[in-house]
Amino acid sequence: MTVAINKALYDEQGYIIVPNLIPPETFEALKEACEHAIAKTRAGSWPHRRTVGRQFPPFDDSNPDSWGVQHIMHPDLEEPAFAEWYTSDALVNVSKELLQCNEDELQMELFNLLINPLEHDFALRWHRDDIRENATAEEEIVALGLWTHGVQWNARVLSSVDFALYEDSCLYLIPKTHKLPRTELQRAQSMTQAPPANPLDMPGSIQVTLQPGETVFYNNNILHCGTYDSKKRRATLHGCMGDTRGGPTRAQNVLQHGLSWMTEDRFHDQLNERGKRMLQALVDMKEGVQGDLGYSQVN
């Protein structure tokens, strides 16, 4: 499958929506895998989840309601469709184009599933994934200049890439803020730990709507937030890939999620050859950093 990518638009705006990234036969397999993963999480048999009440890692069990399923390529989840799509030609080729790297420079990172809570509406505050809210404008400029070696996506299946299975309007972002520090008005609305009552009150913000099968790729240091409606079904594949030329710049943001299981032989052995090469790049990054990296954000 060949997908046309407007790289110039991605560089300018910090995000791009890509249609038809998943062929029909793969879409059905992913949809079924998502349904299984959601059911296991809500039944309590899958412990790796994003907990309502905590916006960022580390997540805990303080609330039985969930807004995400973590580690969906984990062999214990027994859903091989996730790793198959993560290493597919379509996803890899788009990531290479946006990162302007060779395939042997791609680094496996995160793959999770964003879902609607059942009992509580939930929201994330305005944030950049790897820059704290109290960073000065000068600190933001330096950090944004380093953040060119990874791409995130949301893919709508049932609804950082996000890929949607169902219609998804949960993501809000401010175009071009992947390169620009916050204005004073934007800073005033993104210094608190509380999510916004109305994300569109933020100057420059837009709401991103995905139709089933669409994927939004975005720089995860773009200023963004999310809303989770307990009454509207959501199942959005949410992941990222890196570029080894970035060295350890993505280490904290990726490794804070707890990826020791990805170093086990049983995960390695279930991957195709492309996946094994991408995984080795992640292992090399993990082994190249020392000490406790801490967390990118605070709850």
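A salt bridge is defined here as a side-chain nitrogen of Lys or Arg within 4 Å of a carboxyl oxygen of Asp or Glu. The structure is a predicted model, in which local features need pLDDT of at least 70 and side-chain atom pairs count only at pLDDT 80 or more, whereas totals for chains, interfaces and linings use all residues. Residues are numbered from 1 along each chain as its sequence is written, and side-chain values use heavy atoms, with hydrogens and water left out.

R182 counts as buried because its relative accessibility is 8%, the class being set at under 20% relative accessible area, with exposed over 50% and partly exposed in between (1.4 Å probe, protein chains only). E140 is likewise buried, at a relative accessible area of 0%. Elsewhere, salt bridges that share partners join D89, K96, E103, R274 and R277 into one network. Within this group, E103 forms a salt bridge with K96, the closest N and O atoms being 3.7 Å apart. E103 also meets R274 in a salt bridge of 2.8 Å, N to O. E103 is partly exposed, with a relative accessible area of 21%, while R274, at 15% relative accessibility, counts as buried.

N220 lies in the loop between β10 (215–218) and β11 (224–228); strands are DSSP runs of E of at least two residues, numbered from the N terminus. The relative accessible area of N220 is 0%, so this residue is classed as buried. Its side chain makes a polar contact with the side chain of Q152 at 3.4 Å. A polar contact is a pair of N or O atoms within 3.5 Å; within protein, one must be able to donate a hydrogen and the other to accept it, and residues adjacent in sequence count only if both atoms are side-chain atoms.

Terms used:
Helices (H or I, at least four residues) and strands (E, at least two) are DSSP runs, numbered from the N terminus.
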